[in-house]
Amino acid sequence: FDPCAASAGLEFVGNTTGQRLPCNGADFEPVAVPSLLELGRVLPVFIFGFTCQQNVLTVCNEVRQATQKRMDGIICVAYVFAGLGLTTSSFLGYATY
């Protein structure tokens, strides 16, 4: 399967430099999941990454006076707690071996 084959010769919309699409000459190799076990390990992380972003709207609705500065602070605190949780679980996982 070559995703660029159908777009050969097309140009970017609004392109005035005459450049071709970036796929021309590029290699495409699909990512194959070697086993169902590996898919079971990867898929939850992939889905979690895309579903968490919708929670920001819910949090924004709950915050009193939801300014950009306050939301940035809340997001930073969430990142710190997520990082601490991941770091703690990784050290505890390492400690079991």
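This is a predicted model: local features need pLDDT of at least 70, side-chain atom pairs count only at pLDDT 80 or more; totals for chains, interfaces and linings use all residues.
The protein chain has three helices and zero strands, and along the sequence the pattern reads α-α-α.

**Helix H1: length and bend**

- At Val42, H1 bends by about 25°. A proline, Pro44, follows within four residues of that point.

- How many salt bridges does the structure hold? There is one.
- The side chains that meet in a salt bridge are those of Glu38 and Arg41, at 3.9 Å from N to O.
- Side chains of opposite charge can pair when their charged atoms come close.
- Glu38 and Arg41 are three residues apart in helix H1, so about one helical turn separates them.
- An α-helix has 3.6 residues a turn, so residues three or four places apart point the same way.
- Glu38 has 29% relative accessibility and therefore counts as partly exposed, while Arg41, at 54%, counts as exposed. The cut-off behind these labels is that exposed means over 50% relative accessible area, buried means under 20%, and partly exposed lies in between.

**Surface and burial**

- The accessible surface of the protein chain is about 8,800 Å². Carbon and sulfur atoms account for 65% of this surface.
- Of the 97 residues in the protein chain, 6% are buried.
- A nonpolar patch on the surface is formed by Val33, Leu36, Leu39, Leu43, Phe46, Ile47 and Phe50. Together these residues have about 700 Å² of accessible area.
- Phe50, one of the patch residues, is placed in helix H1. Is Phe50 buried or exposed? Phe50 counts as exposed because its relative accessible area is 51%, and the cut-off for exposed is over 50%.

**The loop between H2 and H3**

- Gln65 sits in the loop between helix H2 (55-62) and H3.
- Although Gln65 is not a glycine, it has a positive phi of about 50°.
- At 66% relative accessibility, Gln65 is classed as exposed.

- Helix H3 covers residues 68-95, and Ile74 lies in it.
- Ile74 has a relative accessibility of 33%, so it counts as partly exposed.
- Ile74 and Val63 are eleven residues apart along the chain, and 9.5 Å separates their C-alpha atoms.

**Cysteines**

- How many disulfides does the structure hold? The number is zero.
- Cys60 has 29% relative accessibility, so it counts as partly exposed.
- Cys76 is also partly exposed, because its relative accessible area is 48% and the cut-off for exposed is over 50%.

Conventions
Residues are numbered from 1 along each chain as its sequence is written. Side-chain values use heavy atoms; hydrogens and water are left out. The bend at a residue is the angle between axes fitted to the seven residues ending there and the seven starting there. Helices (H or I, at least four residues) and strands (E, at least two) are DSSP runs, numbered from the N terminus. A salt bridge is a side-chain nitrogen of Lys or Arg within 4 Å of a carboxyl oxygen of Asp or Glu. Buried means under 20% relative accessible area, exposed over 50%, partly exposed in between (1.4 Å probe, protein chains only). Patches are made of residues with over 30% relative accessible area and no salt bridge: like charges are joined within 9 Å, nonpolar side chains (Val, Leu, Ile, Met, Phe, Trp, Tyr) within 5 Å. Accessible areas come from the Shrake-Rupley method with a 1.4 Å probe; for residues, only the protein chains shown count as cover. A disulfide is a pair of cysteine sulfur atoms within 2.5 Å.
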